[in-house]
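Trainee: I have a new model open and would like to talk it through. Could we start with the overall picture?

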Amino acid sequence: MFEGAGIAVIILLAVVLFGLLRSIRMVPQGSNYTVERFGRYIRTLPPGLGIIVPFFDRVGHKLSMMERVLDVPSQEVITRDNAMVKVDGVAFFQVVEAAKAAYEVQNLEHAILNLVMTNIRTVMGSMDLDSLLSQRDEINHRLLGVVDQAATPWGIKMNRIEIKDISPPRDLVDAMARQMKAERDKRATVLEAEGQRQSQILRAEGEKQSVVLEAEGRREAAFRDAEARERAAEAEAKATLMVSEAIASGNIQAINYFVANNYVKALEALAAAPNQKVLMLPLEATSLMGSLTGIAEIARETFGGGSSDQVAGPKKKSSVPSVPHQPKA
């Protein structure tokens, strides 16, 4: 009996130990396990040590809660303007509810892949080729919103959907290259014309400034010339006034200086005349002085109305020597 009882105890201990081992579950970080009792989902085991009822409960699905990357294969899409393009992309998703991801959809990654590919054709097929090539951010945003809304019942959070490459046909690429070249040529022509226009405007402005400055210079020069002539006239008037006053007071030397100065200026004018070929002048300086003295005598007789003694009073010693009159040539 004791041997049978010992064997039964050993078997019982083995069963208990086996049950304990079956009831303990170690869930790694970043994963969740679903627990099923008699095939029905009852709860989810989070990361760490989990306990289940042995022989009644079992682990149904082991799901990764980390973000995963799903490569979207290349596919052909027809745009709204009937252009055929090849498109591929990449999707980033994460399981946020393990129970829904395990029991709401079968073959989760395959379902997400087909959902993304279908919506790529829908979204990109409603756009023109030019918008398709220039508004990639808008395409990604629209795809993310549509796919995330469709995958929410599966306990999935779509984090990002990125279009990797858009490949138009070769003939469309060549046409776009020609269009781009024509557009750049147009911009270059416009810029060149604008540069020439600015150059002509600046040149005209410079010429205008030059003409204005030249006119200002002529105006200033004319003003200076007029001022100089005015001052010369004032000086001449003052000199004439002084000579007149000296003559009125009976100073014969003033009239001698005045007449001699004008006489010399007249001789200079005659000598400088281009049509004057022969000029008869006194041969000696004393003859010139005698001529001046004769002129002075005539002036004394004219202004004094008599002899020099009657006009000037007592006879003064003249600084010019007396020279007899010379006959005119």
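This is a predicted model: local features need pLDDT of at least 70, side-chain atom pairs count only at pLDDT 80 or more; totals for chains, interfaces and linings use all residues.

Trainee: What share of the contacts with a separation of 6 or more comes from residues 24 or more positions apart?

Mentor: In the protein chain, such residues account for 63% of those contacts.

Trainee: And what does the pLDDT average?

Mentor: The predictor's confidence in each residue, which runs from 0 to 100, averages 79 over the protein chain, and 75% of the residues score at least 70. Over residues 305-329, however, the pLDDT is below 50, and this stretch has 19 contacts in the model beyond near neighbours in sequence.

Trainee: Switching topic, in what order do the three strands of the open sheet run?

Mentor: The order is 3-2-5 with antiparallel pairing, where strands are DSSP runs (E, at least two residues) numbered from the N terminus and two of them pair if DSSP finds at least two bridges between them. Strand 3 (40-45) and strand 5 (57-64) each have a single partner strand, so one side of each is left without a neighbour in the sheet.

Trainee: How many bridges join strand 2 and strand 5?

Mentor: Strand 2 (residues 31-37) pairs with strand 5 over six bridges, in the antiparallel sense, and Val35 stands opposite Val59 in strand 5.

Notes:
Residues are numbered from 1 along each chain as its sequence is written. Side-chain values use heavy atoms; hydrogens and water are left out. Helices (H or I, at least four residues) and strands (E, at least two) are DSSP runs, numbered from the N terminus. Contact means heavy atoms within 4.5 Å.
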